[in-house]
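Subject: Structure handover and findings

Dear colleague,

Please find the structure below, followed by an account of what was found in it. I would be grateful if you could read the notes with the model open.

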Amino acid sequence: MAETAHLPLDPLEPRDLVAPHHDDKSLNETLLDHVWRKPGKGWFMLLGLTSAALGLLVVGVTYTLARGIGVWGNNQPVGWAFDIINFVWWVGIGHAGTLISAILLLFQQKWRTSINRFAEAMTLFAVMCAGLFPLLHTGRPWFAFWLFPYPSTLGAWAQFRSPLVWDVFAISTYLTVSALFWYVGLIPDLAALRDSSKGKLQRTIYGLFALGWRGSGRHWHNYKIGYLLLAGLSTPLVVSVHTIVSFDFAVSQIPGWHATIFPPYFVAGAVFSGFAMVITLIVPARKYLGLRDVITDRHLENMNKVILATGLLVSYGYLMEHFIAWYSMNQYEFWTFYVNRATGPYAGVYWLMITCNVVTPNIFWFKKARTSIPIMWVASIAVNIGMWCERFIIIVTSLSQDFLPSSWDIYTPTWVDWCIYIGTLGLFGTLFLLFLKFVPAVAVSEVKELQLELKHAAHAAHGHGADTAGAGTLTHGAH
């Protein structure tokens, strides 16, 4: 009796992205369970912690508006400090959402399916936090409308040669497109929540946001086209937004900033920190929401590979900065990179940055590290810390010791600076916890579609294998 041959699936086929024992009903129960069940004590404890941190934001912002930004640690020459450090850090964190959702969708990478909604939500909340800092940094945020071009009776127009004005357009566009992309992807799942809700209030609210979705062929056709168009619109934003943020520094003449490598180096760093934050958030959420069957080890390993690749790009950026400072024989550049940063008053922050951003990602060369939950979680936190240190080093060390030694000064953040920064962490955490409670954390419709594709691929492979084996048997009998 001939042994039945099984043709192997395409090595790129995502066979282990969804547990095979699930059907549509069990996926519904698994992915919507955390929305319908009452939150546990852990969720309330975390919400209390993040709300307390959010209270620090209210205190810091209120005190700043009452007294002015003189209560911050900014001085001369360090006019940009915690506000711009945190602005760039938060914008970078928001980049993973667009990359996972838009670019991987266009490249038909199936492993994005279970993690895209986490990343999209993270993008929205991170950009909200980022937008606070330039607004507060103006000193009089109630006049922020002056940054927008409109026929002013005062005859005052925005200075379009300023990269800070470019930031206004970049961040507002990024937030708008990301919000639309996230919301359009949510519509089928909001309709599922509407149909499965038991309370009238819940049915009304979810039904309002579902926009009359009925799952007809016409609805799905329009949904697919709109989702794809938004993905195509979002893709250039991954490159353009952080490129514009890097121009805040690269177009100046300050030593340590005036570098053509900044745009690609900043984009790589943004994706690097963004994927690290996704790992930081998704690892505990995956465990406590019971999502291990749809957010598998392969998802986590693929994200760790992206962290490794972008970490190498960031390391190359550091290397090129130091090489050009040496090769150009510019005394100011050499001083900034080889003396001020490496041995100056902020040397501890500099070497912490090197450890977290250059050394740590290289552990992901090893499969054991890429698939170990504790190792990847600690490494992702280290990367987030390292990327914050990088922004600190770029901004503070370049400004604190500029061309004129008589103007040098040490920057020290005040309690208001720390309150606002910790408060944005609280704002981010609060919004993320509310997202996990009221919205499906995983795209239910997309996971079902992927599960159906995998089953069809498996059946086709088994059927083809059986046909091949049968043909072999007939041939053998003929001989």
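In these notes, a residue is called buried under 20% relative accessible area, exposed over 50%, and partly exposed in between (1.4 Å probe, protein chains only). By that criterion methionine 329, at 75% relative accessibility, is exposed.

The model is predicted, so local features are reported only at pLDDT of at least 70 and side-chain atom pairs only at pLDDT 80 or more, while totals for chains, interfaces and linings use all residues. Residues are numbered from 1 along each chain as its sequence is written, and side-chain values use heavy atoms, without hydrogens and water.

Backbone features

Methionine 329 is in the loop between H10 and H11; helices here are DSSP runs of H or I with at least four residues, numbered from the N terminus. Its phi is positive, near 60 degrees, although the residue is not glycine. Leucine 211, also not a glycine, has a positive phi of about 60 degrees. This leucine belongs to the loop between helix H7 (200–209) and helix H8 (217–250), and it is exposed at 56% relative accessible area. A cis peptide bond, with omega near 20 degrees, runs from glutamine 76 to proline 77, and proline 77 sits in the loop between helix H2 (41–67) and helix H3 (82–93). For context, most residues other than glycine have a negative phi, and most peptide bonds are trans.

Surface patch

Phe323, Ile324, Trp326, Tyr327, Phe334 and Tyr338 make up a nonpolar surface patch with about 640 Å² of accessible area together. Patch members have over 30% relative accessible area and no salt bridge, with nonpolar side chains joined within 5 Å and like charges within 9 Å; a salt bridge places a Lys or Arg side-chain nitrogen within 4 Å of an Asp or Glu carboxyl oxygen. Areas follow the Shrake-Rupley method with a 1.4 Å probe. Helix H10 (297–327) and helix H11 (331–343) each give two or more residues to the patch, and H10 provides the largest share, 4 residues.

Leaving aside residues up to four places away in sequence, phenylalanine 118 touches (heavy atoms within 4.5 Å) several residues, including Ile282, Leu291, Phe432 and Val442.

Yours sincerely
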